[in-house]
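The notes follow in the order in which I checked them.

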Amino acid sequence: MRNFRDFTPHERRNYITLSTGEYYPDILEDACRLYSPVLEMFSNMLRRSESSSALLMNISEAPNQWMRIQLCRVFRKYVSPETPVEMLKKKSQAEKICKDFGDGFRAIHIVQERFDMRPLPDEALCAILWEYKDRGKKGYDLTGKFFDLIQSEFPHLIIEGPRGAGADIQATSIWNDYPNKSRPLDFVIYSKDKKYIYAVGLARYDGDRGGAQEDDRTGGYKNCADEILGYVHTHDLKTKVIFLNDGPGLLLGSMWDDYSSIEERFPNEVIVITLRMINERLTKEWLTGGE
C-alpha cells in the first residue's frame, strides 16, 4: 500500500475532490431575501434601545435562536467588532459581556447614525452574513460521503458520528477513563457487534489554508494522534487513527508533507486519506488487523 507521501506532486491533484462554491454577485438577491428580516428586526431594536448595552440585552431576548445569532453578528459589526461572535451567541452571557466589553461599545447615537446611512436591505452586509450561512457545509458534505463509502465498502462494520452539524463524539463517551474530557471525534468505526473499536478519526475540508493555518491544522492533528495512541498503547487496544482530509488546500505550501510526517510517526496506526484514496488505501486488513 502506498503511503501518503508516495503520491507524486503531479498526481496529487487527481486525488482531490473539489466542493463547488457560489459566484458573486449572483448570491446578492438570495442574501438580501434571507437577511432583510434580520436587518429590519435589528432596526426596530435599535430605535427602542436607550444604549448599546440595552440593544444587546434586547437582542438576547429574541426567542428564535437563528434570528438571535444573526442579530448578534449585526451587533458585532456595528457596535463591538472586538467581541467574539461565539461569546455573543450565549444569551446567558449578555450581562457579563456588557460589563466586560461595554466600555468599548460604540455609542448608540452613532450606531443609529451609521445604520441609517445604509440602504435597507444593505447588500454589503447581507453578503457578509451570507458567508456564514454555509460555513462548515463542505466539511459536512465530506463527512457524509465518507460515511456512505465506509458503509458501502465495509458492510460488516459500523460507523458512527455526526453527518451534519450535530455534536461531535467525545472520546470519553467510548472510553470512560479517557484522560482528556474534551477530545472531540468526527467518527468511530466499530466491529458489527461493537465489541471492538477499530478506528477513530477527524474529517476536514481544506478549502484554502496557508501560512500559520497550516501549522495549526497539522499541529492539532499531531497532538490528537499522540494523545489517542498514548491511550491505546497504555490499554493494549488495537484502535487506529484516520485523518480524512480533502480539498485544494492540501496542495498548498507544506500541507502534503506535513500530513505525510504525521502518518510516518505511527506507521500502520495512523492513515491520512482523501475520499479518492479510500478504495486504494483503506483496506479491511488495515482497519481490523486481519481479524
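I count two strands as paired if DSSP finds at least two bridges between them. With that settled, I find in this predicted model an open sheet of five strands in the order 1-4-5-6-7, with mixed pairing. Its edge strands are strand 1 (157-160) and strand 7 (270-273), each of which pairs on one side only, and the twist averages 20 degrees from one strand to the next.

I then looked at strand 5 (residues 197-205) and strand 6 (residues 240-246), which run parallel and are joined by seven bridges; Ala203 has Leu244 in strand 6 as its bridge partner.

Next came the helices against the sheet. I see helix 9 (residues 137-153) lying across strands 1, 4, 5, 6 and 7, at about 145 degrees to strand 5, whereas helix 12 (residues 255-265) touches strand 6 and strand 7 and makes about 155 degrees with the direction of strand 7.

I turned to helix 2 (residues 28-47) and checked its length: at 1.5 Å a residue its 20 residues should span 28 Å, and its end C-alpha atoms are 26 Å apart, which agrees. I noted a kink of about 45 degrees at Tyr35, shortly before the proline Pro37. Tyr35 is also among the buried residues of helix 2, which include Leu28, Phe42 and Leu46; what covers the buried residues includes helices 3, 4, 7 and 8.

Last, I checked confidence: the mean pLDDT of the protein is 92, and 97% of its residues reach 70 or more.

Notes
Residues numbered from 1 in each chain as written. Predicted model: local features only at pLDDT ≥ 70, side-chain atom pairs only at ≥ 80, totals over all residues. Heavy atoms only, no water. pLDDT = per-residue confidence, 0-100. Helix = DSSP H or I, 4+ residues; strand = E, 2+ residues; numbered from the N terminus. Axes fitted to C-alpha atoms, helices over the stretch in contact; angles between N-to-C directions. Contact = heavy atoms within 4.5 Å. Expected span 1.5 Å × (residues − 1). Bend = angle between axes of the 7 residues up to and from the residue. Buried < 20%, exposed > 50% of the residue type's maximum accessible area, 1.4 Å probe, protein only.
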